[in-house]
Amino acid sequence: MLETNYSPFQSLKLISLDYYFDEMVKLYESNSFPKVLLLNGKKGIGKFTLIFHFLNYIYSKNENNNYKIKEKLIDSSSNFYNSVLNKTCSDVIFLHAEKGKNIKIDDIRNLKSVLSKSSLSENPRFTIIDEVEFLNANSVNALLKTLEEPSVNNYFILTNNQQADLIETISSRCLKNNVYLNSKQRKKVIDYFVEYKQINLSIDDSDSLTPGLLIKYNDLFNKYKIKNNDNILLKLNKLLYAYKKDKDKNLIQMSIFFVDQYIYHLVKENVNNTDFLLNTKSITINKINDFVIYNLNINSVLNSIELILKNVRQ
């Protein structure tokens, strides 16, 4: 769960999400924090980073190295912060799908078992479920009763990246908050990464990407030696072959991003063909998704996509 490259656990400074942080703190300090909070927003917008800063605020309050609320800054010498990094924190449970997979029913059963036992401290206990939209039906059913009847000291914060339909039975049991960055706030986050994390941005045509996805895709762009002047078929070839090997869902999302941008530019050049082009995009993306869902032969999929996109230029 704890990643090394640009992980939210290493984001010591909270950028552009002050309003949401202050609202969460206000609810908590007034004893009005909901038992189940759902944060909706695009993947990579900073929801998990926001949650982690909120948790650091709560659990480091009585430390000398406490959270710097005015600066929105985590003290890296904080006991709580280091207990999370070292996986020794018993007051917070992080649940996230394994790479390339959904959250499994066994994960929920293990969670219920932990929550049924008293915490080692008298602190509130938070369970963070990331990408809740990827809970399957069995996992949802196993989780529902726990969400409906959380014990006095247990709280849940769920994140929904809006990548799939969220099961209504989950949504209806949450207080929902939509997290959003405007273009100025987005630029501020990206500028921070570029300046303070010394990231060289290689990927072009990225205005539609959230800061987190831009950094992630930039990593993948360099890792798999993708070039801006590669044509769309070559980019898809590199990404789908990489997915076949590494099973990283980000590679599929990045493939869809490139298709989306490719068609977007064609639409700008050929306004009269908008419907045809958008239909082509939909068919191509469906081919990519079917490749993942049904484990289709990669050469057949790429040949099929090549035929579809050839029609676009004719």
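## A charge over a ring

A charge is said to sit over a ring if NZ of Lys or CZ of Arg is within 6 Å of the ring centre and within 35 degrees of the ring normal. In this predicted model, K35 lies over the face of Y155, at 4.3 Å from the ring centre. The charged end of K249 is likewise placed over the ring of F134, 4.3 Å from the centre of that ring.

## Aromatic pairs around F33

A pair of aromatic rings is described by the distance of the centres and the angle of the planes. The count of such pairs here comes to 22. One of them joins F33 and F54, which are stacked with 5.1 Å from centre to centre and 15° between the planes. This pair links distant parts of the chain, since F33 belongs to the loop between α1 and β1 while F54 belongs to helix α2, 21 residues apart.

F33 also pairs with F126, this time edge-to-face, at 5.8 Å centre to centre and with 75° between the planes. F126 lies in strand β3 and F33 in the loop between α1 and β1, so the pair ties together parts that are 93 residues apart in sequence. F33 and F54 are both buried, and F126 is buried too. One aromatic cluster is formed by Y28, F33, F54, Y59, F80, F126 and Y155.

## Where α8 meets α10

The axes of helix α8 (residues 211-223) and helix α10 (residues 249-269) come within 11 Å and cross at roughly 95°, and the two helices are therefore roughly perpendicular to each other. On the α8 side, K216, Y217, L220 and F221 make the contact, meeting N250, L251, Q253, M254, F257 and F258 of α10. Sorted by class, this contact has seven nonpolar, two polar and one charged residues.

Key:
Residues are numbered from 1 along each chain as its sequence is written. This is a predicted model: local features need pLDDT of at least 70, side-chain atom pairs count only at pLDDT 80 or more; totals for chains, interfaces and linings use all residues. Side-chain values use heavy atoms; hydrogens and water are left out. Axes are lines fitted to C-alpha atoms, for helices over the stretch in contact, and angles run from 0 to 180 degrees between N-to-C directions. Helices (H or I, at least four residues) and strands (E, at least two) are DSSP runs, numbered from the N terminus. Angles under 35 degrees count as roughly parallel, over 145 as roughly antiparallel, 65 to 115 as roughly perpendicular and the rest as oblique. Contact means heavy atoms within 4.5 Å. Ala, Val, Leu, Ile, Met, Phe, Trp, Tyr, Cys and Pro count as nonpolar, Asp, Glu, Lys and Arg as charged, and the others, Gly among them, as polar. Rings of Phe, Tyr and Trp (its six-membered ring) pair if their centres lie within 6.5 Å; planes under 30 degrees apart count as stacked, over 60 as edge-to-face and the rest as tilted. Buried means under 20% relative accessible area, exposed over 50%, partly exposed in between (1.4 Å probe, protein chains only).
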